[in-house]
Amino acid sequence: MCPVSVLSEGRPPVRLSVVVPVFNEADNVLPLLEEIERALTPVGAFEVVYVDDGSSDDTLARLAPVVAAGRLRLVRHLNRSGQSAAVRTGVKAARGEWIATLDGDGQNDPADIPNLFALVAKGGPDAPVLVGGLRKKRKDTLSKRLASKFANAVRQSFLQDGCTDSGCGLKLFRRDAFLDLPFFGAMHRFLPALFRAHGHPVAYVPVNHRPRERGVSKYNNWRRGLIGVVDLLGVYWLKRRTALSASVETAAAPADRKAEPAVAGEP
């Protein structure tokens with residue numbers, strides 16, 4: 001995988017970056033960008049980073065004008081590398097402290113991002129470092145819904161991370177915490193378990209889900225399921241071997257620390 005950047009320099013700092021991996025989604029990329037802009041303009045400064053994972057259709061041609069206009073940052077893989085690699089490339093390129101991810105097919109609703117961001121923006125020691133979306137009313141085919149329900153049940157029995165919808169592409173997390181995680185293919189489906197294994201608080205919120213209106217799905221249920229078994233066993237092993245706690249820097253001595261007794265002869 002060799003990423004090539006098409007980035008706009010000189011932009012002011014932003015707190016929130018939206019990362020969208022896309023592959024052959026020419027008909028979806030511009031409508032999705034417009035939705036993101038409408039949803040996040042009231043929130044404050046933000047940026048949108050698309051990662052093109054080696055598209056062979058007109059995706060790049062459709063995006064060229066909005067990149068030139070400064071509305072979008074674009075990074076592209078010269079070879080198809082998968083969704084997890086695309087997410088990681090986008091996060092590395094992003095300038096925001098917080099990252100929101102969306103699938104490029106338009107089924108995630110950008111209007112949900114402000115709700116996820118509100119949970120982390122308030123800060124505090126108990127604020128989540130990752131907020132995952134839970135699609136309450138899936139707008140997919142029956143076979144895909146059944147396969148997903150079965151996979152999530154098996155996954156939950158192993159990982160017990162409280163995530164009942166690992167396939168939802170809508171997530172929001174802190175950039176530095178994500179980049180501290182081990183990278184592997186399909187890691188985007190195990191982010192809640194990985195964040196919790198590294199001592200980070202995680203929360204879940206219901207989100208909207210929409211039918212695919214343009215383009216075709218890039219996933220096969222059986223193929224994804226077979227690969228997912230191998231990934232699940234690997235994450236289960238990693239979780240058992242990881243015993244990390246989130247840490248904070250203390251600027252002063254703890255308040256309950258007792259003063260050292262004075263040495264005789266000292267004032």
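Reader: By class, how many nonpolar, polar and charged residues does the lining of the largest cavity have?
Author: This is a predicted model, in which local features need pLDDT of at least 70 and side-chain atom pairs count only at pLDDT 80 or more, while totals for chains, interfaces and linings use all residues. Residues are numbered from 1 along each chain as its sequence is written, and side-chain values use heavy atoms, with hydrogens and water left out. Ala, Val, Leu, Ile, Met, Phe, Trp, Tyr, Cys and Pro count as nonpolar, Asp, Glu, Lys and Arg as charged, and the others, Gly among them, as polar. By class, the lining of the largest cavity has five nonpolar, six polar and three charged residues.

Reader: How much space lies in the largest cavity?
Author: A cavity is found on a 1 Å grid over the protein atoms alone, as a set of points where a 1.4 Å probe fits but cannot get out. Grid points are joined across faces, edges and corners, and the volume is the space filled by probe spheres set on the points. The structure holds one cavity of 30 Å³ or more. The space in the largest cavity is about 100 Å³.

Reader: Which residues that line the largest cavity are the closest to its centre?
Author: A lining residue has an atom within 4 Å of a cavity point. There are 14 such residues around the largest cavity, and the closest to its centre are Gln 83, Thr 101, Gly 169, Lys 171 and His 188.

Reader: Which residue in strand 7 is the bridge partner of Thr 101?
Author: Helices (H or I, at least four residues) and strands (E, at least two) are DSSP runs, numbered from the N terminus, and two strands pair if DSSP finds at least two bridges between them. Strand 5 and strand 7 (residues 171–174) run antiparallel and are joined by four bridges. In this pairing Ala 100 stands opposite Leu 172. For Thr 101, the partner in strand 7 is Lys 171.

Reader: Which residue stands opposite Thr 101 in the pairing of strand 2 with strand 5?
Author: Strand 5 is also joined to strand 2 (residues 16–22), with four bridges, and these two strands run parallel. Here the residue opposite Thr 101 is Val 19.

Reader: Are the residues of strand 5 buried or exposed?
Author: Buried means under 20% relative accessible area, exposed over 50%, and partly exposed in between (1.4 Å probe, protein chains only). Trp 98 and Ala 100 point one way from the strand (residues 98–101), and Ile 99 and Thr 101 point the other way. On both sides, the residues are buried.

Reader: Which residue in strand 7 is the bridge partner of Leu 130?
Author: Strand 7 also pairs with strand 6 (residues 130–135), in the antiparallel sense and over three bridges. The partner of Leu 130 is Phe 173.

Reader: Within what arc do the buried residues of helix 2 fall?
Author: Helix 2 (residues 59–68) has the buried residues Thr 59, Leu 63, Val 66 and Val 67. They line one face of the helix, because, seen down its axis, they fall within an arc of 100°. The arc is that of the directions from the helix axis to the C-beta atoms. Its value here is 100°.

Reader: Which exposed residues does the other face of helix 2 carry?
Author: An α-helix has 3.6 residues a turn, so residues three or four places apart point the same way. Turned away from the buried side of helix 2 is a face with the exposed residues Ala 61, Pro 65 and Ala 68.

Reader: What is the relative accessibility of Val 67?
Author: Val 67 is found in helix 2. The C-alpha atoms of Val 67 and Tyr 50 are separated by 9.9 Å, and the two residues are 17 residues apart along the chain. Val 67 counts as buried because its relative accessibility is 12%.

Reader: Which residue makes a polar contact with the side chain of Arg 210?
Author: Arg 210 lies in the loop between strand 8 (202–207) and helix 8 (221–241), and it counts as buried at 17% relative accessibility. A polar contact is a pair of N or O atoms within 3.5 Å; within protein, one must be able to donate a hydrogen and the other to accept it, and residues adjacent in sequence count only if both atoms are side-chain atoms. At 2.6 Å, the side chain of Arg 210 is joined to that of Glu 35.

Reader: How many residues of helix 3 are buried?
Author: Helix 3 (residues 83–93) is mostly covered. Its buried residues include Ser 84, Val 87 and Val 91.

Methods: 1 Å grid on protein atoms, 1.4 Å probe; cavity = no way out; pocket = protein on both sides within 12 Å on 5 of 7 lines; lining within 4 Å.
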